Amino acid sequence: MGTRVVKNYPSPRLMETIGATNQTPQEASGELVANCFDARYNGEKLDISIDLRGGRIVVMDNGKGMTSEVLEKAVCIAEDMSQHIERGEGAKGHFGMGFKTSCSTLGYFYEIYTRPYSQNIELHTEFDINEYSTRPSGSDAWDVIIEDGAPSTSSPLKSMAHGTAFVISNLKITGFPTSAVLEYIGDAFKGHIEKGDIITVIDELGVSHTARPKNYSFLKGTKVIIDELFGPGNKYHITGWVAIDTQTHNNGFYGFNIYRKGQLVLTHDKTWFKAHLMTSRIIGEVNMDFLDATFYKQGVQQSEDWNYVKKHMETFLMGVVNASRNLSKMGNINKPSERKAIITQLSKEYTVQNDGVEAPVNGADNQQNDDSRPTSSINNTVKNIVTEKSLLLEDGSEIHITFIEKEEDGHDVGPYDYIFDCSQEPQELQVLVFKNHPLWRKKIDSEVRKIIATSDAIYRTLVAELDLDPRIALKIRNEWVSQRTETL
Amino acid sequence: MDKIEALEIIKETWDDETLSLEAKINIISDAFYSVGLDIATTASYIKATPAEFETFLSLSNLDDEIISMISKANPPKATWLLFASGNDEEITKALTALGTSSKSQYESVCEFVYQQMIEIAGETTEHIVSRLTGNELFYLAKKAKDFNTVNSNKIKFLNNIAGQKKRGKVLSDKQISFLIDVLNDLADNKVIQRNSIDGDAELCDKVLDAIDR
């Protein structure tokens with residue numbers, strides 16, 4: 001009986017594990033950039049670069065660099081850096097995990113070069129993830145070697161007086177998504193860029209691209225200013241804007257970009273309204289400095305604060321949601337009178353700014369900008385329904401076939417497809433042809449088109465829906481085609 | 001919610017036979033549009049055809065009230081495309097008829113619903129023109145020949161399709177499209193005109209109404 005002390009050293013394999021996150025390359029790069037803002041020197045504008053040349057990623061800033069004491073703490077896992085460095089109110093690093101996680105996400109080997117502003121030295125340290133995995137557990141397993149010496153022009157920092165460079169090599173990713181990173185960085189650090197900090201991405205060919213915040217294209221008169229102070233003791237303050245986009249989005253790229261202390265913490269968040277094609281015109285940006293962020297800044301914690309804010313914002317946005325829905329239905333976006341009425345209603349409910357574009361400029365909505373566009377009707381989409389020759393199966397059952405041509409290009413579906421309905425007798429096979437598909441630009445007889453689409457639908461139905469042997473399905477299809485072509 | 005979670009929710013909901021159509025539309029469209037999935041992948045995952053899934057999703061564009069009405073009627077999925085394409089009035093007419101009218105004269109529920117909606121929408125030129133009988137087309141061909149102002153190929157075409165119609169063939173889109181051109185030509189050349197004194201006023205008016213002349 002008794003007690004004993006167990007030395008609980010985490011396995012060095014942890015270094016590899018912390019890189020196994022679901023961070024995207026843009027999020028990982030963004031995390032490294034975020035750290036740069038915590039190293040601003042004497043209020044100077046920051047010049048940050050992400051250099052992708054030479055099969056490595058170099059993230060470099062002209063901040064104040066790290067002293068030996070600070071670097072010693074920074075290389076430790078989960079060290080609370082706020083205990084060791086002086087930073088402003090908007091400090092981004094909190095948990096001492098950011099750069100290790102991000103570097104390990106991007107590559108197997110990374111180095112830090114840093115020149116502290118008050119000393120004429122350069123410090124260097126490196127991490128070899130694969131080598132860590134071979135280290136035995138124990139008190140020495142986490143040792144990090146820091147070298148110091150005179151600044152050298154052969155270092156990534158070249159002739160800079162102060163600053164820090166993270167160099168990641170032996171990359172885990174191939175084909176670094178430069179444009180996606182540029183767009184992400186532009187949005188993520190919008191506040192900093194607008195205040196004069198510069199973030200540049202240098203692509204593999206050496207071309208330099210400056211990150212810029214995204215330009216939104218929203219309808220004129222729909223930009224609602226958000227300045228909401230609420231909660232117990234006015235605890236919550238949300239500022240920003242929301243507007244109605246000129247087009248709907250079926251790719252998820254709508255909703256709110258949420259910023260905390262000038263850094264993007266959530267993109268395209270749709271928590272405050274029901275996500276739907278009809279509400280997919282809602283775009284906006286809000287600042288919520290009171291939020292807690294997770295260490296990798298991928299999402300807000302599902303806190304009591306968050307739930308309180310959600311309820312408030314759902315109510316606040318009701319008028320905007322209605323406007324998005326009303327503009328999206330019945331082609332109202334393209335009808336000046338309807339559009340004006342909806343926007344006027346919005347201005348009665350909210351404080352709005354008058355910038356934006358007058359009418360849709362691109363996308364599916366840019367068809368006609370006058371009242372001549374017919375309202376939604378079956379005649380706009382379906383010109384006719386043709387009954388095709390039924391399919392008689394060996395068991396005596398019958399599949400009724402209808403053929404419909406839709407006035408669409410079928411870009412998500414293909415030149416033709418089918419819907420099989422076995423919930424009724426006789427079963428129904430509905431063959432759909434998308435008239436505006438590029439394939440049909442070629443001159444092809446409409447009867448031939450009908451037979452091709454229907455015969456393919458028959459074969460797929462027999463195999464996929466009725467589990468028939470493909471050979472039997474082929475035989476039945478060919479018999480149908482043979483009988484059908486007799487009527488040509 | 002990430003894309004994998006959204007796909008799971010969509011599949012579970014799609015397969016759940018206890019849920020109403022309305023609930024399925026709301027849950028599935030919410031998950032689909034929240035994370036930006038694509039139709040082909042999602043359809044494949046839930047074992048539906050892309051057209052079937054796209055048509056289902058397009059129902060979610062309708063007003064909540066209409067979705068609720070459709071859900072209560074729970075029409076077969078062969079009718080989804082029609083409901084998703086119609087306006088409130090057309091949909092309401094078809095749903096009401098589904099509950100009360102006899103469908104026996106139609107070969108399928110799909111055709112029945114379509115006809116109900118067309119009663120509100122009004123027939124298109126294509127519909128009316130495609131229903132001209134063989135005898136009517138023969139008559140127009142003969143009258144055009146008598147006038148001697150219409151291209152002989154067009155007269156030949158009229159005779160051809162008149163014969164096909166008499167044999168029970170349905171005109172193709174291409175034929176209908178060309179027929180509309182020919183009928184306009186006949187109107188331009190006064191072969192068919194309002195208040196016709198040739199004893200064919202009813203047919204002339206019918207054709208002129210169809211081509212909006």
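A crossing of two helices is called left-handed if the near helix is turned anticlockwise from the far one by less than a right angle, and right-handed if the turn is clockwise. In this predicted model, the crossing of H2(A) and H4(A) is left-handed. Helix H2 of chain A covers residues 25-37 and helix H4 of chain A covers residues 98-106, and their axes come within 9 Å of each other while crossing at roughly 145 degrees. On the side of H2(A), the contact is made by Pro25(A), Ala28(A), Glu31(A), Leu32(A), Ala34(A) and Asn35(A), and on the side of H4(A) by Gly98(A), Phe99(A), Ser102(A), Thr105(A) and Leu106(A). Sorted by class, the residues of this contact are six nonpolar, four polar and one charged.

Elsewhere in chain A, the loop between strand S3 (107-115) and strand S4 (122-128) holds Tyr117(A). Is Tyr117(A) buried, exposed or partly exposed? A residue is buried if 20 or more other C-beta atoms lie within 10 Å of its own and exposed if 12 or fewer do; Tyr117(A) has 16 C-beta neighbours inside 10 Å and therefore counts as partly exposed. When its neighbours within four places in sequence are left aside, Tyr117(A) is in contact with Tyr41(A), Lys64(A), Gly65(A) and His162(A). Asn62(A) lies 55 residues away from Tyr117(A) along the chain, and the C-alpha atoms of these two residues are separated by 9.6 Å.

Chain B can be described by its secondary structure, which comes to 13 helices and zero strands, so that, read from the N terminus on, its elements run α-α-α-α-α-α-α-α-α-α-α-α-α, with helices and strands taken as DSSP runs. Chain B has 213 residues, of which 38% count as buried. Among the contacts in chain B between residues at least 6 apart in sequence, 63% join residues at least 24 apart.

The two chains also meet, with 43 residues of chain A in contact with 44 residues of chain B. On the side of chain A that touches chain B, the elements giving two or more residues are helix H11 (378-381), strand S15 (382-392), strand S16 (398-406), strand S17 (416-421), strand S18 (427-434) and helix H12 (446-465). Of these, S15(A) provides the largest share, six residues. By class, this side of chain A has 13 nonpolar, 20 polar and 10 charged residues.

Methods: Residues are numbered from 1 along each chain as its sequence is written. Chains are lettered from A and ligands numbered from 1 in the order in which they are written. This is a predicted model: local features need pLDDT of at least 70, side-chain atom pairs count only at pLDDT 80 or more; totals for chains, interfaces and linings use all residues. Helices (H or I, at least four residues) and strands (E, at least two) are DSSP runs, numbered from the N terminus. Two residues are in contact if their C-beta atoms, placed from the backbone, lie within 7 Å. Ala, Val, Leu, Ile, Met, Phe, Trp, Tyr, Cys and Pro count as nonpolar, Asp, Glu, Lys and Arg as charged, and the others, Gly among them, as polar. Axes are lines fitted to C-alpha atoms, for helices over the stretch in contact, and angles run from 0 to 180 degrees between N-to-C directions.
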